[in-house]
Structures are given as C-alpha cells and as structure tokens.
Amino acid sequence: MHQKSESLAQQVASLESSATTPIALAERSLQRASQCVELNAFASLSEPVVMAQAKEATLRRQAGRPLSPIDGVPIAVKDNYLTKDYPTTACSEALPLEPRGVDATVVANLRAAGAIILGKTNMHEWAYGATNNTSNIGPTRNPHNLDHITGGSSGGSGAAVAAGIVSAALGSDTGGSVRIPSSACGIYGFKPSYGRASRHGVLPLSWSLDAPGPMTTNLEDMAYLLPYFFGADEKDASTFGARPFQACSNAQAPKLIKLTGAGLERANEVDKAVNAALLTSGMLCSEWDLNDVDSYFSAWETILHCEASAYHKHLFQKNPSGFSSVTRAHLEAGTRLTGVELLEAQKLRSRLLDVLLNVLPEWDALVLPTLPVVAPKQGDDWQEFGGKKVSTQDSMTWFCWMGNLAGLPCITLPVGQSDSGLPIGLMLMGRPNQDEKLLDIATKFERFMLHPALNKK
Amino acid sequence: MEADLELTVDQKERIEATLQRIRNGLKIEQANVFEEPAHTFNAEVFNASEK
C-alpha cells in the first residue's frame, strides 16, 4: 500500500503553473484515503469540510491571489492539534467528539497560508506511547506491510504520508513521536529544538519535552513547512526568544559523531544500513561511547510521567474510565514519584546537555539510527537486539528520547531497508536552536549518500 | 491519582516495574552530586562554544 505521493514542492509547482488545482489535489487525497482505509490512518476526515477549503483555495488561485506558495495543498494533522472544524480527541475516550472551534497556532498559521486541513490522523492515545496500538479507534497499519506497526505516537500521520494520501502531515514529539513513525514508514520527520516551535493548542503530554514537527516525503519540503512552526508565539512562553525560520546552506564539512555504548544497542541490519550510509556519504564521522545512558533515560521517564500526571490530574479525576488501562498505570506511576526525584531528573538533564555540548569533541551533528529495529509485527510485545530483550514500546523510544531530554533539533531520513523490505531510518541531532543548520547538514548528507561523487568535488 | 480506582494486577505490575526502573537509573551516582538542577529549561545556555 506504500505509494510515494507527489512531494509538496511538486504540488506547489503544479499549482503555480496551473497544471492542477486545489480542488483536484483535494479530490486526489480523498480518493487515495478511501483506497487506504485498512491503514486506519484517520480519526476524522470529512469530504464537505475538505472540499469547502479546496473551493476557496481554487477561487483564490484563479483570481491570481494565492495566500502563499502552499495555498491549496492538503495537509493531514495529528489528532492532538486543536482544529476549529474537526474534533480533537487525542484518540482517547476521555475527550468529547465535538470541534472546539479553535486552531492550534501551527494549524492557524498553515490555514492562514491557505493550506487545506485534510483531516485528523490516528495516534497513540494522548501520545502516551510509541506503538500506535493503543487508540480508541484501533491501531494504524504500516503501508509497507500491513502486518507491521507504524510506530507512534504520530502513526496516522506517518501512514498517510507513506501511502501517498498527503505530501505532508503534522506530528508531535515527546520521546520520538514524529521520528519513530517517520522511520518505520520510510519518510522524513523533523523535531524542532525545544522552544523554537509553538506548542500552543497541541494537547500536551509533557510540556518541557513536547515539540510539534512536520513529516514529509523529502527534505526539501521541510523548508516549506518549518516557517509555519518557528518563531515567537505570545500563547507559548517557551517560544518568547524563538527566531523565525531562516534557511541556511553554509554547513561546510560538518563533523559528525556516531553515539554508541551500553543502552544504545541496535540490530545488526540497522547498524549495517546506517554505517553504509555514513561511509557512502563520505562525511567526517567519529564515534563516541556515551556513558550513563540508563540514568539519562530514567530522567526522561521521570519528567515525562510527572508532567503527564500533573497535566491529566483533573480530567482523570472527572473521567477515569476515559483512559486506557496502560495510560492509567503511567499516570498513577507519575503521582508516586517524589519532588526530590523530579529534581534529580532535572539535574541529570543538565548533565546530559553539558556532556553532549561541552564534553564531546566538537561536532555539528550526532548520529544514531532512529530505531534499533525495523517496524515490529503487530502483536509482538518484545524485541531482541544487541543481546537485549526489550519491550516493543521501549524499543521504539530507544534512541529518540535523548533529543527531547536535551531539547535538541532532530531529523530522521530513510537510508535503507531490511531484507524483509521494511524501511531503516538514520537520525541526526543538531546543536540547540541550530535547526536550519541541521536541515542543511541532512540535505548534504543525503545528496552525498545518493551521489557520492558530489562530495569529492 | 485521587480517583479511587481499583488497580488491576497488570496495572500494579506496570507501575512497580516503571518505578523500579526509574529509581535504579536515578540512583546512579553522578560526578558532582552538589550540582543544582535546571531551574528553567533552556538548552542553549549549555552551549559553551556559542558563548
């Protein structure tokens, strides 16, 4: 069911040359969605809502007054972003099925640019898990093989892009939720630096770890979308110092460090694909054995559960049966952690940043596989790799949580596939607030990986 | 949580496993035990090379 759609850049070019119209793009997305119902990618999708937006965009284009280059491009939105014309449920029974009448800042920015908000995508309940198997509308399925999971929590967005329903979708990322399904579905995902992109109107999981981000079919499209994410938003205090997006193309001979060590094991086929990509790219890359990974992971988990429990306290009190059994257990665990433990976790957070930014030799990007395994089979609860037996849930966040704990910008790009044909992704992490440089490094990395001769010039 | 809910055996086991794992991780002694925690989270302030 995997089908690469036109990229967002191709859709923009077709609209600008009048080779297509927003109505035609919307009809194509709706038709493709109806061919892909087995993926269970959407929580809400309404033809009248979509076509009303498409007609308005088409009229603007016909009058020669598009609101922006992306005016008339359909974009799918994860079901934890508030949208004025669709319900926002976070795929939980605890929230009402009525639209709230307001848009999250990123959605409002895209709508003001004329993008068609196609529908709301399936997700792991409250984004509190990374498999996408716990959802009030059932699990999503991987377009590369329906018997495998998409990963999550933005699994519906990953499936919708990989199946060619849309060229781009929105996700949110607390421990990898943009990057995990992007990697498992063979697409591109970007988690911005903490405080660079507005979280306003994206239902929180853990407010000091959460970041909204785009998921696309290529890297070029990130530059079209990131301007609608970045910059100060008076409704999100974490963004008060945020710069707007400013494209960068001057990353010269970037230095990469591949992180290894206990707690960062990966399956052989994954390591092989990542090493092959690094070698082919010809970019300078050294290796660093990171110590104390388990303690940093515990810090991430402490902050996650404490903040999630605090955020959900009132809703849980009011409607406990609206939360799934596993989510209830997570929330209960959060309340049993002490204030001292939370502060110890914050201390470890500072230490990880100090180690990554000041103890490691000079670097421009850190390299890890995005996932230690390819997309697991539906129903498989355990994964074995590198001599470890790990729950499928933990295997999904295995590398990704570090970017959230440290607040670093992260990007995943596909670099190969397993013998079984499932995608393998490579993750690059940049220095804080150097999101544009990271995108430039990723673009060059991919160009050299695909065309090694270019790096020899 | 305050909601008076009967927890299932599976939930109790998950909670116990989560707390045990977290506490094992947190107790790993760090080099400077007198360090202060982050009061506010701003990753960029740690970027010494940028200062």
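Trainee: What do chain A and chain B bury between them?
Mentor: In this predicted model, the two chains bury about 3,800 Å² between them, and 58% of that is on carbon and sulfur atoms. Chain A brings 51 residues to the contact and chain B brings 34 residues.

Trainee: What makes A:Asp394 and B:Arg21 a salt bridge?
Mentor: Their side chains meet with N to O at 2.4 Å. The cut-off is 4 Å between a side-chain nitrogen of Lys or Arg and a carboxyl oxygen of Asp or Glu, so the pair qualifies. The count between chain A and chain B is three salt bridges.

Trainee: Why are A:Trp126 and A:Phe323 called stacked?
Mentor: Good one! Ring centres must lie within 6.5 Å, and planes under 30 degrees apart count as stacked. Here the centres are 5.9 Å apart and the planes are at 15 degrees, so the pair is stacked.

Trainee: How do you know that this pair ties together parts that are apart in sequence?
Mentor: A:Trp126 sits in the loop between strand E3 and helix H5 of chain A, while A:Phe323 sits in the loop between H9 and H10, so the parts they tie together are 197 residues apart in sequence.

Trainee: And why is the pair A:Phe297 and A:Trp300 tilted?
Mentor: The centres are 5.4 Å apart, but the planes are at 40 degrees. That falls between the limits of 30 and 60 degrees, so the pair is tilted.

Trainee: Why does A:Phe297 count as buried?
Mentor: Buried means under 20% relative accessible area, and A:Phe297 has 13%, so the residue counts as buried. A:Trp300, at 6%, is buried too.

Methods:
Residues numbered from 1 in each chain as written. Chains lettered and ligands numbered in written order. Predicted model: local features only at pLDDT ≥ 70, side-chain atom pairs only at ≥ 80, totals over all residues. Heavy atoms only, no water. Contact = heavy atoms within 4.5 Å. Buried area = accessible area lost by both parts, 1.4 Å probe. Phe/Tyr/Trp six-rings, centres within 6.5 Å; stacked < 30°, edge-to-face > 60°. Helix = DSSP H or I, 4+ residues; strand = E, 2+ residues; numbered from the N terminus. Buried < 20%, exposed > 50% of the residue type's maximum accessible area, 1.4 Å probe, protein only.
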